[in-house]
Amino acid sequence: MVTRRSLLGGALAATGAGLLTAGGLTPLLTAHSAPAAPAPGAGGPGGAGGPKVALPPPFTVRMPSPPVLSPVSTLGGQDTYAVTIKEVTREIIPGTQTKVLTYDGHFPGPVLRARSGRRVVIRHRNQLTMPVAVHLHGGNVSPDNDGAPMDTFAPGTSRTYTYPNQQSAAGLWFHDHAHHMESEHVYRGLSATYLLTDDTERALPLPAGQYEIPIALRDAHFDDAGQLHYVMDDVFGRTTLLANGRPTPYVEVAARKYRFRLLNSSNMRFFQLRLADGGQITQIGTDGGLLERPFTTDTVGLSPAERADVVIDFSRYPVGTKIVLENTLGPGTPEQVGKVLRFDVVRTAPDPSRIPDRLRTLPPMAKATVERTVVLSMDEDGRQEPRGFMDGRVWDAQRIDQTVTHGTSEIWTVTNTNKLAPHNFHMHLVQFRVLERNGAPVTPAEAGLKDTVRLFPGETVKLHATFDTYRGTYVYHCHLLDHSAMGMMANFRIR
Ligand code: C2O
Ligand code: CU
Ligand code: CU
């Protein structure tokens, strides 16, 4: 059995329970009075002894929009793509070339636009020196197209995945899933946005075109040479925030409504976002697509892999206004992680868009006939290589942990029994509903279709899922990828 240590080239750092976010999720209450942050790169092993690379001051770099992938063919009733998985260098910190792992050379990952009912076929060529697996997160796909952890393809080989897109519009994403390597691969750049649309969504008068912007948020730990530093469970080291691959950028907007497709592509960081002026955000969708109705809020929470589809109306701000999108959760000081990006209102623009009161009808929930419980936990005793558990066991590729009867609906009660570590829970294949959180009804942000749900220490959620599409074996896991790489994953078989 290959160990995580050997696969990651011995780059593991000692980690202790104290690093499992003991103070990690403390709200940044001292947002305007905290001591100055350590210099960027502090704590990293450093580069080749050259001058230390400094992060740019906040809001001095423009946030790019990720490029949209073009199909190589649209014949035969399907869109066919060819993607090369390769290492390149990209400018993340101005003036510095950083090595990243990419889909087709793009950092942040590109956007693939797909349509419900129209097949997407992607041929990936692996030009890395490590095996990879590509998983469409949130996708209703057959087991052999799921990019399962052991279903990898070797360096120098190719693999074709077929996505039938038999599901409603949703902001999905794809990322690496090669077991024990996924956390490092995703951290180094192997993630991309997959925007699936359908007729229902297209008929809505929501902001579109240049007024619909995907934003992938994540954190990173740069060493002194401006390279991405990776060690397992480095919760306190990854304190540089990137929005679409750039540190604390600015985004120029017109004084009108915009739709932002937010994705938290971090390995372990939870975001709690708000506009600095407390301004209103309208949330219209979540992981599995549109909500039934929009709701307004002043904050959006995103655990790793969660998505939020939001509209912000900048027409309430005079041209010239600059509004910071803040993050109110640690780890990290407010100076390091309190500011995500800044919206600069630079012009006016006509705005024919509208947010309808009714966005769609969610599929009805069939009566559940089976109930299960799942317990997430990990070692918190300070050992060198903490293990992650589902129901007390580390993942075993050969072991089936839950057997589900095809065509049924079930209720899963999922609990995080850790005292310090936050987790979340993601199931492949299905979009579920969150029925309850800690025994109480959920907030509107969790009232839609979800594939990932957060679990702060001690929390319990009750989920409803229907298994009526594919049969076969899939995984469920904590999507703090460093945790799933430690074993916090299990298999379910639908038959
Ligand atoms: Cu984002 Cu196993 O997935
Ligand atoms: Cu997934
Ligand atoms: Cu976890």
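Donors to a metal are taken as N, O and S atoms within 2.8 Å of the metal (3.2 Å for Na, K and Ca), and sites may look incomplete because water is not among the atoms. The structure is a predicted model, in which local features need pLDDT of at least 70, side-chain atom pairs count only at pLDDT 80 or more, and totals for chains, interfaces and linings use all residues. Residues are numbered from 1 along each chain as its sequence is written, chains are lettered from A and ligands numbered from 1 in the order in which they are written, and side-chain values use heavy atoms, with hydrogens and water left out.

The copper ion (ligand 3) is held by His423 through ND1, Cys478 through SG and His483 through ND1, at 2.0 to 2.2 Å. Along the sequence these donor residues follow the spacing H-x54-C-x4-H. Both Cys478 and His483 are buried, where buried means under 20% relative accessible area, exposed over 50% and partly exposed in between (1.4 Å probe, protein chains only).

Strands (E, at least two residues) and helices (H or I, at least four) are DSSP runs numbered from the N terminus. His135 and His426 are buried.

The two domains, domain 1 (78–202) and domain 2 (370–494), have bounds from an automatic or database domain assignment. Their contact takes 22 residues from domain 1 and 22 residues from domain 2, contact being heavy atoms within 4.5 Å. Taken over C-alpha atoms, the centres of domain 1 and domain 2 are 23 Å apart. About 1700 Å² is buried between the domains, 62% of it from carbon and sulfur atoms; buried area is the accessible area (1.4 Å probe) that two parts lose on being put together, summed over both.

Strand 1 (residues 78–91) pairs with strand 2 in the antiparallel sense over 7 bridges, pairing requiring at least two DSSP bridges between two strands. Val88 has Val100 in strand 2 as its bridge partner. In the hairpin of these strands, with 5 residues between them, Gly95 takes a positive phi near 85°. Of the 7 residues of strand 2 (residues 97–103), 5 are buried, so strand 2 is largely enclosed by the rest of the structure.
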